[in-house]
Amino acid sequence: MNVADSERLESAMNQLGLKNVVEAKNADVIVLNSCVVRQSAEDRVVGNLTRLAPLKMDKPDRIFALMGCMVGPKTDELHKAFPHVDVFMRPQEFDPLIDLISERKNIDKEGCIGVLEAKPAVATYVPIIHGCDKFCTFCIIPYRRGREKSRSPGELVKEAEMLVKRGVKEITLLGQNVDSYGHDLEGDIDLGLLFKEMDAVEGLERIRFLTSHPNDMSKNIIDSIASLGKVCEHINLPVQAGSDSVLYNMRRGYNRDQYLDKIEQIRRIIPNVSLSTDVIVGFCGESDKDFNETLDIIESVRFDKVHAAVYSNRPGTIAARKFDNDVPDDVKKDRFRALENLQKQISTEINEGYMNSIQEVLVEEVGNYKAKGRSRNDKIVHFEGSEDLTGKVVQVKIEKTGPWSLQGKMVRKAELLLPVES
Ligand code: SF4
């Protein structure tokens with residue numbers, strides 16, 4: 001979501017006549033787009049703000065802006081800690097910076113700025129719903145990004161058409177809780193309907209979406225993924241924990257069995273789906289038994305990928321007010337490692353199943369005859385290929401597999417008619 005926000009701000013700044021520079025010391029405007037979902041992310045922002053502070057002293061009219069989730073409703077403390085920052089902007093709140101630049105450059109922004117769009121690339125992100133209404137106890141996002149607000153399907157289709165004209169082949173539809181798209185709009189609008197409208201955009205090859213919530217992933221959404229040719233068969237369905245008591249304390253709104261039922265329903269309707277998940281290790285009160293239940297759910301579902309994070313206390317969340325962050329750091333680390341090792345083994349085994357198969361790959365980049373793209377199941381695939389393949393969908397026969405990616409050889413259409421082992 002932050003990448004998508006940064007690209008939109010970049011689009012506004014470009015429209016005001018600003019150009020990108022490689023080094024911060026050559027910039028007139030420096031923006032840090034912050035994430036505070038984990039302590040390590042917040043520490044990085046603080047480190048960068050401190051490291052870059054001398055640049056303000058060298059050139060006092062240089063504009064510094066801090067954007068994103070680190071900026072809450074009150075900015076007094078941030079002002080005190082980072083006096084060199086001129087503008088503090090909450091997520092997607094671009095106006096304060098745009099106004100300041102327009103004023104300094106004496107430009108009428110109304111006349112300059114049109115649609116703020118994603119950076120054209122082979123694959124890009126389009127936010128479709130902002131904010132979140134869920135209030136999981138560990139999460140700061142609803143407080144920083146606000147309540148759910150969907151963009152209209154018409155506006156989104158127009159943006160997709162414009163992006164396709166600029167070379168985009170794959171769009172990932174984004175939302176903190178993408179499955180709840182449309183509930184706040186008039187009429188019968190949901191993610192399934194948006195998939196259908198996007199699927200009809202000529203020239204668009206693929207549609208992906210992030211991130212889902214098990215309670216909002218309706219049968220209609222699952223059916224649409226199964227039936228629409230451009231929607232890729234990959235779902236990221238965060239489980240966060242495998243124990244009912246931890247899930248209850250996280251206020252996720254489902255228990256272990258309900259999550260497993262959802263997985264079963266998805267696999268029944270989309271048999272070739274690949275699944276990934278998010279897990280928090282060491283949440284408040286997580287016992288060894290609770291953690292073993294997380295390992296157990298990972299083992300029984302056999303996800304293609306797991307994004308694991310060690311729990312860190314986020315001031316302002318319900319968990320920070322209500323619970324003790326009582327799992328010792330070394331225990332969290334040990335559990336994190338155990339989870340990683342288990343998942344590495346599972347990913348290795350799942351990917352071995354792709355050996356000798358033919359995968360449809362959208363080529364995202366080529367350098368030195370090394371091409372890289374993704375399969376419909378979101379597997380990274382490497383193979384040898386020339387630069388003119390960028391943006392094309394090609395068939396690749398998989399000849400080597402590993403836990404994180406696949407390698408293969410491009411096959412021409414004629415070769416596909418020959419029998420292959422699969
Ligand atoms: S659903 Fe996701 S974004 Fe919303 S509160 Fe829960 S973890 Fe945060």
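Modeller: Contact here means heavy atoms within 4.5 Å. The model under discussion is a predicted one.

Colleague: Which residues does H84 touch, not counting residues up to four places away in sequence?

Modeller: H84 is found in the loop between α3 (76-81) and β3 (87-89). Buried means under 20% relative accessible area, and H84 is buried because its relative accessible area is 11%. A polar atom of its side chain lies 3.0 Å from the backbone oxygen of L49. Leaving out residues up to four places away in sequence, H84 touches L49, A53, K56 and F64.

Colleague: Is N236 buried or exposed?

Modeller: N236 lies in strand β8. Residues that N236 touches, not counting those up to four places away in sequence, include L210, S276 and H307. With a relative accessible area of 4%, N236 is buried.

Colleague: At what distance does the side chain of N236 reach the backbone nitrogen of T277?

Modeller: T277 is one of the residues that N236 touches, with S276 and D278 also among them. The side chain of N236 reaches the backbone nitrogen of T277 at 3.4 Å.

Colleague: What covers the buried residues of α11?

Modeller: Helix α11 covers residues 256-269, and its 14 residues reach 20 Å from first C-alpha to last, close to the 20 Å expected at 1.5 Å a residue. At its start, a side-chain oxygen of N255 comes to within 3.2 Å of the backbone nitrogen of D257. The buried residues of α11 are R256, Y259, K262, I263, Q265, I266 and I269. Their cover includes α9 (219-227), β8 (234-236), α10 (244-250), β9 (274-281) and α12 (288-301).

Colleague: Which residues of α14 are buried?

Modeller: Helix α14 (residues 329-352) has 24 residues and reaches 34 Å from its first C-alpha to its last, close to the 34 Å expected at 1.5 Å a residue. What covers its buried residues includes β9, α12, β10 (305-310), β14 and β15. The buried residues themselves are K332, R335, L339, L342, Q343, I346, S347, I350 and N351.

Colleague: Which residue in β15 stands opposite V396?

Modeller: A hairpin joins β14 to β15 through four residues. Strand β14 (residues 393-401) pairs with β15 in the antiparallel sense over six bridges. In this pairing, the residue of β15 opposite V396 is M410.

Colleague: What is the bridge partner of H382 in β15?

Modeller: Strand β13 (residues 380-384) and strand β15 (residues 406-411) run parallel, joined by three bridges. In β15, the bridge partner of H382 is Q407.

Colleague: Which strands stand at the edges, each with a single partner strand?

Modeller: Four strands form an open sheet of mixed pairing, in the order β5-β4-β6-β7. Each edge strand has a single partner, so one side of each is left without a neighbour in the sheet; these strands are β5 (149-150) and β7 (206-210).

Colleague: Which residue in β7 does E170 stand opposite?

Modeller: Strand β6 (residues 170-175) runs parallel to β7, and five bridges join the two. E170 stands opposite R206.

Colleague: How many residues of the shell around the ligand are nonpolar?

Modeller: The ligand is surrounded by C132, K134, F135, C136, F138, C139, I141, P142, Q176, H213 and R252. In this shell two residues are polar and two are charged, while the number of nonpolar residues is seven.

Definitions and conventions:
Residues are numbered from 1 along each chain as its sequence is written. This is a predicted model: local features need pLDDT of at least 70, side-chain atom pairs count only at pLDDT 80 or more; totals for chains, interfaces and linings use all residues. Side-chain values use heavy atoms; hydrogens and water are left out. The expected span of a helix is 1.5 Å times one less than its number of residues. Buried means under 20% relative accessible area, exposed over 50%, partly exposed in between (1.4 Å probe, protein chains only). A polar contact is a pair of N or O atoms within 3.5 Å; within protein, one must be able to donate a hydrogen and the other to accept it, and residues adjacent in sequence count only if both atoms are side-chain atoms. A residue is near a molecule or strand if one of its heavy atoms lies within 4 Å of it. Ala, Val, Leu, Ile, Met, Phe, Trp, Tyr, Cys and Pro count as nonpolar, Asp, Glu, Lys and Arg as charged, and the others, Gly among them, as polar. Two strands pair if DSSP finds at least two bridges between them.
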